[in-house]
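Biologist: Let us go through this model together. I will ask, you answer.

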Amino acid sequence: MGHGHGHGHSANSDRRYLAAALALLVVFMAAEVVVGVIANSIALISDAGHMLTDAASIALALIAINMAARPARGAYTFGWKRAEILSAAINGLTFVVLVAYFVYEGVRRLIEPPEVKGLLVFGTALVGIAVNAAAAWLIARADRSSLNVEGAFQHILNDMYAFVATAIAGAVIWLTGWGRADAIAALIVAALMARSAYGLLRDAGRILFEAAPAGVHPTEVNAAIVAHSEVTAVEDLHVWTVTSGFPALSAHVIVKPGGDCHRVRRELAELLHERFHIDHTTLQVDHVPGTACRIVSA
């Protein structure tokens, strides 16, 4: 029983929002690298590195949206819908690499703090906050139920928080001359990136390893099906997620002798839709003696 899988957003509108955010970030990132070198600030350079992953995440999101929109054909019966999950996983892995570098560099500068131009760091960070706020607003207008778009949004949001830490560090250096504040800001950026990496890799991993959707427990699904008055058993129950917002289920359902297989199948499909929000169901419904009714997909 099909209920559709639309999110209420069009792929074209998502592309426009993401492309606008990408252009905004790339322009500012280039300027920030130059200023970071001039100011000798690892905090600004780490922010620029974070923005590079922001830009990469949006570029990957755009590619994945185009791939996911391809129709199913040939051997690819679900199309390329999982492209966005691979994109999200790559985003998480880039976070891990950058975290390792910025932790190393931040600790090194804590031990031997270089001279940093605090006022330049402070001013650049304030502009960075405004740029990331604008980019976050653009991406928030896209379909954030997509793990792909949500990954890009989390990149931007964490970068904005990182710029707040960098602005505070710049102000401290400017007003007090305490250069270690720059390294501390870089370590805060690394901590934020590590948190995002964990969330993205966890969610992408659940889908890639075909775990049940978050919040849906197979034991509860099994119990709900068996609770039907004409069902005696459920076998080979599988619940997984094809891509963000696209849960699927297959099961072999045994009904009492004389039961109406077609009606039971329709009622179970409606139950799965209403209670567990699973629309793509494939139920094989048989009578107890083993006389097959038919396999019906919804």
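Modeller: One term before we start: contact means heavy atoms within 4.5 Å. Keep in mind that this is a predicted model.

Biologist: Leaving aside neighbours within four places in sequence, which residues is M51 in contact with?

Modeller: Neighbours within four places in sequence are set aside. By the 4.5 Å cut-off, the partners of M51 are L25, F28, M29, E32, V131, N132, D159 and F163.

Biologist: Which element gives the most to the largest nonpolar core?

Modeller: That core has 28 residues. L18, A21, L25, M51, I58, I139 and I156 have the most contacts inside it. Two or more residues come from each of α1 (11-39), α2 (42-68), α4 (118-140) and α5 (147-176). With 8 residues, the top contributor to this core is α5.

Biologist: How many residues does the second, separate core have?

Modeller: Its members include V221, A224, L249 and A251. The size of this second core is 20 residues.

Biologist: Is L192 buried or exposed?

Modeller: L192 sits in helix α6 (residues 180-208). Buried means under 20% relative accessible area. L192 has 15% relative accessibility, so it counts as buried.

Biologist: Which residues does L192 touch, not counting those up to four places away in sequence?

Modeller: Residues up to four places away in sequence are not counted. That leaves N158, Y161 and A162.

Biologist: How far apart in space are L192 and F95, C-alpha to C-alpha?

Modeller: In sequence, 97 residues separate L192 and F95. In space, C-alpha to C-alpha, the distance is 9.6 Å.

Biologist: Why are the buried residues of α8 on the same side of the helix?

Modeller: The buried residues of α8 are C261, V264, R265, L268, A269, L272 and F276. In an α-helix there are 3.6 residues a turn, so residues three or four places apart point the same way.

Biologist: What does α8 reach from its first C-alpha to its last?

Modeller: α8 (residues 261-276) has 16 residues. At 1.5 Å a residue, 22 Å is expected. The helix comes close to that, at 21 Å.

Biologist: Which residue has a side-chain oxygen that reaches the backbone nitrogen of H262?

Modeller: Look at the start of α8. A side-chain oxygen comes within 3.1 Å of that nitrogen, and it belongs to D260.

Biologist: Which residue follows α8?

Modeller: Its phi is positive, near 60°. The residue is H277.

Note on methods. Residues are numbered from 1 along each chain as its sequence is written. This is a predicted model: local features need pLDDT of at least 70, side-chain atom pairs count only at pLDDT 80 or more; totals for chains, interfaces and linings use all residues. Side-chain values use heavy atoms; hydrogens and water are left out. Helices (H or I, at least four residues) and strands (E, at least two) are DSSP runs, numbered from the N terminus. The expected span of a helix is 1.5 Å times one less than its number of residues. Buried means under 20% relative accessible area, exposed over 50%, partly exposed in between (1.4 Å probe, protein chains only). A polar contact is a pair of N or O atoms within 3.5 Å; within protein, one must be able to donate a hydrogen and the other to accept it, and residues adjacent in sequence count only if both atoms are side-chain atoms. A nonpolar core is a set of buried Ala, Val, Leu, Ile, Met, Phe, Trp, Tyr and Cys residues joined through side-chain atoms within 4.5 Å.
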